[in-house]
Amino acid sequence: MKSGLGFDDSGENECDVCSTDFTDDEGGITEYFGILPVAFCPDCLSSMCDMVSQLMGWGEEEDE
Ligand SMILES: [Zn+2]
């Protein structure tokens with residue numbers, strides 16, 4: 001869980017995208033956007049990875 005500009009060691013987090021509660025054991029991620037602490041649940045994390053992958057054009061080589 002976020003506390004100030006960091007994370008405590010409770011292992012319980014709230015997703016910053018969909019507000020779902022999740023624990024470290026369920027997956028997801030707690031990281032920093034620059035200095036801003038953010039938490040993403042497993043679903044939003046995989047969605048975000050998909051979005052970044054599309055933005056970067058990864059995996060489109062076979063379309064040539
Ligand atoms: Zn989420």
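Where in the chain is the place of Ser19? The points below begin with the model and the overall fold, and then return to that residue.

1. Basis of the note. This is a predicted model, in which local features need pLDDT of at least 70 and side-chain atom pairs count only at pLDDT 80 or more, whereas totals for chains, interfaces and linings use all residues. Residues are numbered from 1 along each chain as its sequence is written.

2. Secondary structure. The protein chain holds 1 helix and 6 strands, in the order β-β-β-β-β-β-α along the sequence. Helices (H or I, at least four residues) and strands (E, at least two) are DSSP runs, numbered from the N terminus.

3. Overall dimensions. The radius of gyration of the protein chain is 14 Å, while a compact globule of 64 residues would have a value near 11 Å. This radius is taken over C-alpha atoms, and the globule rule is 2.2 Å times the number of residues to the power 0.38. Along its principal axes, the C-alpha trace spans about 50 × 25 × 15 Å.

4. Of the 64 residues of the protein chain, 9% count as buried. A residue is buried if 20 or more other C-beta atoms lie within 10 Å of its own, exposed if 12 or fewer, and partly exposed in between, with C-beta atoms placed from the backbone. Among contacts with a separation of 6 or more, 28% are accounted for by residues 24 or more positions apart. Two residues are in contact if their C-beta atoms, placed from the backbone, lie within 7 Å.

5. Ser19. The residue raised at the outset lies in the loop between β3 (12-14) and β4 (21-23). Most residues other than glycine have a negative phi. Ser19 counts as exposed because it has 8 C-beta neighbours inside 10 Å.

6. Phe40. This residue is found in strand β6 (residues 36-40). Phe40 counts as buried because it has 23 C-beta neighbours inside 10 Å. Not counting residues up to four places away in sequence, Phe40 touches Cys15, Asp16, Val17, Gly28, Ile29, Leu45 and Met48.

7. Ile29 has Phe40 of β6 as its bridge partner, and Phe33 has Leu36 of β6. The hairpin has 2 residues between the strands, and Gly34 takes a positive phi near 65° there. Strand β5 (residues 29-33) is hardly covered, with a count of 0 buried residues among its 5.

8. Helix α1. The helix (residues 42-56) has 15 residues and reaches 21 Å from its first C-alpha to its last, close to the 21 Å expected at 1.5 Å a residue. The expected span is 1.5 Å times one less than the number of residues. Just after α1, Gly57 takes a positive phi of about 75°.

9. Ser3 and Asp8. Ser3 is found in strand β1 (residues 2-3), and Asp8 is in the loop between β2 (6-7) and β3. Ser3 counts as exposed because it has 10 C-beta neighbours inside 10 Å. Asp8 is exposed, with 10 other C-beta atoms within 10 Å. Leaving aside its neighbours within four places in sequence, Asp8 is in contact with Met1 and Ser3. Ser3 and Val17 are 14 residues apart in sequence, and 18 Å separates them in space, C-alpha to C-alpha.

10. Glu26. This residue is in the loop between β4 and β5. Glu26 is exposed, since 12 other C-beta atoms lie within 10 Å. The C-alpha atoms of Glu26 and Trp58 are separated by 27 Å, with the two residues 32 apart along the chain.

Definitions and conventions
Two strands pair if DSSP finds at least two bridges between them.
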